[in-house]
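My notebook is open and I have a few things to look up today.

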Amino acid sequence: MIREAAEFAEKVHRGAFRKGSNIPYITHPLETAVIASMISDEEEVIAAALLHDTIEDAGVSYGELKEHFGRHVADLVAEESEDKTKTWMERKSCTIDHLRSAGREIKIITLADKLSNIRSTARDYILVGEKIWERFNVKEKEKHAWYYNSMVDLLADLREYPEYQEYARLCLSVFGPPGK
């Protein structure tokens with residue numbers, strides 16, 4: 001299932017690149033799956049980590065995921081997906097609200113996704129500094145800090161894992177202490 005999910009993700013993300021770079025987009029789902037696999041050995045969680053952006057960013061339907069990977073994987077991907085018809089603030093607020101009662105599997109996938117993203121942001125922040133925010137649709141660093149720092153609290157159930165600790169450290173390095 002994991003190999004099939006990797007091949008599927010590569011196919012639907014082919015030609016896409018990470019924001020503000022020439023790095024193929026598939027590197028993000030692959031890294032997300034590797035991070036998830038450090039926390040969970042559940043095949044469906046790792047497959048969902050590989051597929052987590054297929055509905056949101058690649059136009060894949062829930063039904064297609066269900067057909068290929070089963071209801072549980074499709075449910076995990078759908079639960080992790082944002083509604084792109086909403087504004088950035090609405091989407092991020094919905095994610096925060098959802099994580100307050102989300103199960104462990106969703107929190108693992110979310111941590112893996114956010115850690116992959118903050119690694120990329122932290123690396124580029126070192127290289128370009130405050131100009132990094134120009135590559136995002138929402139350009140205010142404070143809004144990104146609010147969202148990423150919210151994840152530190154919402155994913156605290158996973159605090160015993162080095163991946164959570166790395167996430168919290170990178171947030172501090174990019175955004176400074178919360179509330180500053």
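Predicted model: local features only at pLDDT ≥ 70, side-chain atom pairs only at ≥ 80, totals over all residues.

**Ile 132 and its contacts**

I looked up what Ile 132 touches, taking contact to mean heavy atoms within 4.5 Å. Leaving aside neighbours within four places in sequence, I found Thr 121, Asp 124 and Tyr 125 in contact with Ile 132. Ile 132 sits in the loop between helix 8 and helix 9 (141-154). Helices here are DSSP runs of H or I with at least four residues, numbered from the N terminus. Next I asked myself: is Ile 132 buried or exposed? Ile 132 counts as buried because its relative accessibility is 1%. The cut-offs go like this: buried is under 20% relative accessible area, exposed is over 50%, and partly exposed is in between, with a 1.4 Å probe and protein chains only.

Residues are numbered from 1 along each chain as its sequence is written, and side-chain values use heavy atoms, with hydrogens and water left out.

**Aromatic rings**

Tyr 125 turned up above, and I followed it to the rings. How many aromatic pairs does a search of the whole structure find? The search gives ten. One of them is Tyr 125 with Trp 133: the ring centres are 6.3 Å apart and the planes are at 50 degrees, so this pair is tilted. I wrote down the rule: rings of Phe, Tyr and Trp (its six-membered ring) pair if their centres lie within 6.5 Å, and planes under 30 degrees apart are stacked, over 60 edge-to-face, and the rest tilted. Tyr 125 is buried because its relative accessibility is 18%, and Trp 133 is buried at 4%. Both rings belong to one aromatic cluster, formed by Trp 88, Tyr 125, Trp 133, Phe 136, Trp 146, Tyr 147, Tyr 148, Tyr 167 and Phe 175.

Tyr 147 has a charge above its ring: Lys 92 lies over the face, at 4.9 Å from the ring centre. For this, NZ of Lys or CZ of Arg must be within 6 Å of the ring centre and within 35 degrees of the ring normal.

**Thr 95**

I met Tyr 147 again when I checked Thr 95, which touches Glu 82, Tyr 147 and Met 151, not counting residues up to four places away in sequence. Thr 95 is in helix 7 (residues 88-99). Its relative accessible area is 17%, so Thr 95 is buried.

**Helix 8 against helix 10**

I looked at how helix 8 (residues 104-128) meets helix 10 (residues 162-175): their axes come within 9 Å and cross at roughly 35 degrees. Among the residues making the contact are Leu 111, Ile 118 and Tyr 125 of helix 8 and Tyr 167, Leu 170 and Phe 175 of helix 10. I sorted the residues of this contact into eleven nonpolar, two polar and four charged.

Lys 107 is also in helix 8. With a relative accessible area of 6%, Lys 107 is buried. Its contacts beyond four places in sequence include Leu 99, Leu 154 and Asp 157.

Why do I call helix 3 (residues 43-51) largely enclosed by the rest of the structure? Seven of its nine residues are buried, so that is the reason. The cover over these buried residues includes helix 1 (2-13), helix 2 (27-39), helix 5 (62-69) and helix 8.

Leu 50 is buried because its relative accessible area is 3%. Leu 50 and Pro 29 are 21 residues apart in sequence and 4.7 Å apart in space, C-alpha to C-alpha. Beyond four places in sequence, Leu 50 contacts Ile 2, Ala 5, Ala 6, Ala 9, Pro 29, Leu 30 and Ala 33.

**Two last checks**

Thr 54 lies in helix 4 (residues 54-58). Thr 54 is buried, because its relative accessibility is 0%. Met 38 is in helix 2, and with a relative accessible area of 55%, Met 38 is exposed.

Methods. Helix = DSSP H or I, 4+ residues; strand = E, 2+ residues; numbered from the N terminus. Axes fitted to C-alpha atoms, helices over the stretch in contact; angles between N-to-C directions. Nonpolar A, V, L, I, M, F, W, Y, C, P; charged D, E, K, R; others polar.
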